[in-house]
Amino acid sequence: MKIAVHPVSDSELKPLITDTSKLGFCKFFTDRMFTMDYNEEEGWTNPQIGPFRPFEVDPSSLVLHYAQEIFEGLKAFKGKDGAVRFFRPEMNAKRFNRSADRLCMPHFLENDFLESIYALVNLEKRWVPDSKGAALYIRPFMFATDKALGVRASSTYVYCVILSPVGPYYQEGFSPVSLFVSDELTRAAKGGLGEAKTGANYAASLLAGRIARKKGCAQVLWLDGAEHRYIEEVGAMNIFFVFNGNQLVTPQLNGSILAGVTRDSVLRLASMLGLRAEERKISIDEVIGGITTGSITEIFGTGTAASISPVGSLQFKENDYIVNNRNVGPVSQQLFDTLRGIQYGEIEDPFGWVVPLQEPQEKVLSL
Ligand code: COI
């Protein structure tokens, strides 16, 4: 892939936000973006990096009406040594194509996916925050652009990558959140879109999120769509339960649960940290029973944005169930520290997960 790079004039360059406590999550975007077009005759064509700017979208574009859209999320981290590192980006490239299959969209070559990110981050290196906990969030996405209102898969698409410097997810430190167990609304059902990273799943989650906040909770604990009995996800994250301080249980992937990169990393880190890990069905009754008897010692969510997000309580059928006295447990803390240490290059990476940013090859960029 040969990427055409368009200049950004000095007057177009935005001021860096150096106070990372002001960054929040994806409120600011960098100076440039990557775009590429797809049509059935030529396939993927026209790779470009140019100024970050609004799209011109036809009002009849299919994505605006039928939500044919997919996205990914990953981060670049700057360590104390000044090196910029990506975390398992090939997992995002593979999942992007699995989401594309589910939404009837064209595949994007895994290598081109990675190259689009590396080339853009290379040009935007000054935006990778250098304080620990902050990172550059990378958002690749693809959407349908056919101008038509018939319900069908589009024959044209745009692929785009944008970047946002993000602050530490927990401004007040790593603190446990309260969950509202949604036993009426569901995020996804078997056979639906749950496994795909597509905007529709997040739209489906908004109403339950609003109800959770009205009930004083920060996030929703999702149950399965058929019986409202088995645990699926938490908010926009995967979920783990710690039994007796040393056994991890997470719902097995079943078609309606997103195959999270952090989820997979926690499962693989478990044995290194002396924990047993199990992927299986787990019901809300088992969870409530486990919290009540004390066999569930910790609960935490996993995702790219927050990494590890400890849970302090569950609200189920108007009752509150407190987990670990609303404190961060030792397993959540150890997993958080280990993942972060690997991502920032401070702990040896025994799995080969980390990909250092390299200078772009001449053949990739044409200026
Ligand atoms: C994640 O944390 O992995 C997410 O997907 C959150 C994102 C949708 C903001």
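A polar contact here is a pair of N or O atoms within 3.5 Å. Keep that in mind as we walk through this predicted model, starting at the ligand.

**Stop 1: the ligand.** Select A305 together with the ligand. A polar backbone atom of A305 sits 2.9 Å from an oxygen atom of the ligand.

**Stop 2: helices α2 and α3.** Select residues 89-102 for α2 and residues 110-123 for α3. Their axes come within 9 Å and cross at roughly 125°, so the two helices are oblique to each other. The crossing of α2 past α3 is right-handed. To see what touches, show P89, E90, N92, A93, K94, F96 and N97 on α2, then E110, F113, L114 and Y118 on α3. Colour this contact by class and you will find six nonpolar, two polar and three charged residues.

**Stop 3: helices α5 and α7.** Move on to residues 261-272, which form α5, and residues 330-343, which form α7. Here the axes are 11 Å apart and the packing angle is about 105°, which means α5 is roughly perpendicular to α7. Display T262, S265, V266, L269 and M272 from α5 with L335, T338, L339 and I342 from α7 to bring up the contact. Six of its residues are nonpolar and three are polar, with no charged ones.

Key
Residues numbered from 1 in each chain as written. Predicted model: local features only at pLDDT ≥ 70, side-chain atom pairs only at ≥ 80, totals over all residues. Heavy atoms only, no water. Axes fitted to C-alpha atoms, helices over the stretch in contact; angles between N-to-C directions. Helix = DSSP H or I, 4+ residues; strand = E, 2+ residues; numbered from the N terminus. Parallel < 35°, antiparallel > 145°, perpendicular 65-115°, else oblique. Left-handed = near helix turned anticlockwise from the far one by under 90°. Contact = heavy atoms within 4.5 Å. Nonpolar A, V, L, I, M, F, W, Y, C, P; charged D, E, K, R; others polar. Polar contact = N/O pair within 3.5 Å; in protein donor to acceptor, adjacent residues only side chain to side chain.
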